[in-house]
Amino acid sequence: FKDSEALAVYQDVLKINPNHYLALWQAAVLSVKIGSRYTDDTRKAAYFDAARQYADRALQLQPEGGESNYAVAVALFNQATLYRSGARLEAFRDLRSHVYLATERRPDLPEAWQLLGRWQYRVAHYSLLERLYSKLVLGGVPAGGDSREAMLNLRKAHELAPQNLQICYDLARVYRYQGSRRRAIAVLLEAEKISA
């Protein structure tokens, strides 16, 4: 729970070895976590941009790496929250290949499954305007947006990391949105027992 201190350690490692793969992808993930806590969009953007730079460097080192692709996908997903509609949809399109490759290469990484589920659910629920823009400008709606698949992937993330509160919350939210209130409550009651 000391993300800022951990980020500082990875940054120190990168001063000594700028191509340290673990330090790069972990610095990207931590930058996203820290940036997400701010309410100020300027600070968020600074952390998310730094995350993207770390992630891109990790991707250069290991283009097929599960961790580097996860880092790029999570940075893009969070950057997209600050973009206008067109750029946001472009980011969602661009992160598709990264998040799928992350789950393929690192099937043991619960956060990758969580991100895939979140992405699938978001794409499955594009508005009519978002679908139209994607078709006309971006070459189509990204394949893979599916509420049922999103639920399965969030469940997989939950199985891998049952103590992760954010995954519990995301799974409960999707259950609720899909009309499965009983399942949502069960996940939240289970999460209530997790010690922080």
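Tutor: Let's start with a term: a residue is buried when its relative accessible area is under 20%, exposed when over 50%, and partly exposed in between, using a 1.4 Å probe and protein chains only. Ser31, for instance, counts as buried because its relative accessibility is 1%. This is a predicted model, where local features need pLDDT of at least 70 and side-chain atom pairs count only at pLDDT 80 or more, while totals for chains, interfaces and linings use all residues. Residues are numbered from 1 along each chain as its sequence is written, and side-chain values use heavy atoms, with hydrogens and water left out.

The part I would pick is helix H6, residues 110-124. Helices here are DSSP runs (H or I, at least four residues; strands are E, at least two), numbered from the N terminus. H6 has 15 residues and reaches 21 Å between its first and last C-alpha, close to the expected 21 Å; that expectation is 1.5 Å times one less than the number of residues. Because 11 of its 15 residues are buried, H6 is largely enclosed by the rest of the structure. Among the buried ones are Trp113, Trp119 and Tyr121, along with Gln114 and Gln120.

What do these buried residues pack against? They pack against H4, H5 (85-105), H7, H8 and H9, where a contact means heavy atoms within 4.5 Å. Let's visit three of these partners.

On H4 (residues 66-80) we find Val74, which is buried at 9% relative accessible area. Beyond residues up to four places away in sequence, Val74 touches Val29, Val32 and Leu115, and Leu115 is itself one of the buried residues of H6. Val74 and Leu116 are 42 residues apart in sequence, yet their C-alpha atoms are 9.7 Å apart in space.

On H7 (residues 128-137) sits Ser134, buried with a relative accessible area of 1%. Leaving aside neighbours within four places in sequence, Ser134 is in contact with Leu89, Tyr126, Gly139, Gly140 and Val141.

H8 (residues 147-160) has 14 residues and should span 20 Å, which agrees with the 20 Å between its end C-alpha atoms. Its buried residues include Ala150, Met151, Leu154 and His158, and the buried residues of H8 pack against H6, H9 (165-177) and H10 (181-192).

Back to Ser31 for a moment: it lies in H2 (residues 21-36). Ser31 touches Leu7, Tyr47, Ala50, Ala51 and Tyr54, not counting residues up to four places away.

Now the whole chain. It holds 10 helices and zero strands. Buried residues make up 44% of its 196 residues. Of the contacts with a separation of 6 or more, 58% join residues 24 or more positions apart. The radius of gyration, taken over C-alpha atoms, is compared with a globule rule of 2.2 Å times the number of residues to the power 0.38. For 196 residues a compact globule would come near 16 Å, and the chain's 17 Å agrees. Its C-alpha atoms fill a box of roughly 50 × 50 × 35 Å along the principal axes.
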